[in-house]
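I opened the notebook to record what I looked up in this structure. The entries follow in the order in which I made them.

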Amino acid sequence: MSFRQNLIYLPHICRKPKAEVIIEGHTSVCIKLDEQGFRDIFNQYYVALCLFADRYMEDKDASADIVQDTFAKLWQIRNDFSYLHQVKAFLYTSVRNKALNELEHSKVVSEYIQKVTEKEKEDFFHDTVIEEETYRVLTEAIDKLPDQMKAIMQLSLEGKKNTEIAEQLNVSTETVHTLKKIAYKKLRTYLKEYYYLIIFLI
């Protein structure tokens, strides 16, 4: 059963406004997967999991379907979880396994044999989880910035240069440069528990 079909069992969980997201510094965080708790987890991890799945699938629509199915399963077995690290492990492992199963059952098997072999390796799984978790934490921190700083940092994250950002936001290049410096200082404060991210903001 697809996630969209399962929505009838999740009354408006994924359609309500985004709840407050708390960036956790430790994995042993107790959780309660009622409707509000499930909505928080969905809003906090959906995008990162789609990006994670796409590293395997290289197909955004297929990746989104896998993540939606995984959240549907999580809702069905929600009473099995007491801690956040259990939920995260379930989500990433389930998405990985579903993606590998999809690749293995692809009609064009010969084109995927090498990909599956490489992507089954634990190193790939570990590195990809770290990469997408890093992206999730960083984007959540950027979302806390004032609107103009947030827009600048989001465009910077997309790889745009200061001149391109200035042109797109209709501000001067100097304004972009100044607001970036202020944003970096704020992000260092927000991310003080994530020392491995601060390296990129020095």
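I looked up Leu 100 and found it buried, because its relative accessible area is 7% and the cut-off for buried is under 20%. The model is a predicted one, and I kept that in mind for every entry. Leu 100 belongs to helix H4. I then checked Leu 100 against Ala 53: the two are 47 residues apart in sequence, and their C-alpha atoms are 9.6 Å apart in space.

Nonpolar side chains tend to be buried together in soluble globular proteins. I looked for such groups here. The largest nonpolar core has 28 residues. Ile 41, Tyr 45, Leu 49, Phe 71, Leu 74 and Leu 91 have the most contacts inside this core. Helices H2 (35-57), H3 (60-76) and H4 (84-104) are the elements that each give two or more residues to it. Which helix gives the most? I found that H2 does, with 11 residues. There is also a second, separate core of 16 residues, and Val 137, Ile 142, Leu 145 and Leu 179 are among them.

Entry 3, salt bridges. How many salt bridges does the structure hold? I counted 3.
- Lys 60 pairs with Asp 54, with 3.9 Å between the closest N and O atoms. Lys 60 counts as exposed, because its relative accessibility is 66% and the cut-off for exposed is over 50%.
- Glu 140 pairs with Arg 136 at 3.2 Å, N to O. Both lie in helix H6 (residues 122-142), 4 residues apart, which is about one turn of the helix. I noted that Glu 140 and Arg 136 are both buried.
- Lys 150 pairs with Asp 143 at 3.4 Å, N to O. Lys 150 is buried at 19% relative accessible area, whereas Asp 143 is partly exposed at 41%.

Just after H7, Gly 159 has a positive phi of about 95°.

H7 packs on helix H9 (residues 173-190) at an angle of about 90°, and the axes are 9 Å apart. The angle therefore makes H7 roughly perpendicular to H9. On the H7 side the contact is made by Gln 148, Met 149, Ile 152, Met 153 and Ser 156. On the H9 side I listed several residues, including Val 176, Leu 179, Ile 182 and Tyr 184. The residues of this contact divide into 9 nonpolar, 2 polar and 2 charged.

Conventions: Residues numbered from 1 in each chain as written. Predicted model: local features only at pLDDT ≥ 70, side-chain atom pairs only at ≥ 80, totals over all residues. Heavy atoms only, no water. Axes fitted to C-alpha atoms, helices over the stretch in contact; angles between N-to-C directions. Parallel < 35°, antiparallel > 145°, perpendicular 65-115°, else oblique. Contact = heavy atoms within 4.5 Å. Nonpolar A, V, L, I, M, F, W, Y, C, P; charged D, E, K, R; others polar. Core = buried A, V, L, I, M, F, W, Y, C linked by side-chain atoms within 4.5 Å. Buried < 20%, exposed > 50% of the residue type's maximum accessible area, 1.4 Å probe, protein only. Salt bridge = Lys/Arg side-chain N within 4 Å of Asp/Glu carboxyl O.
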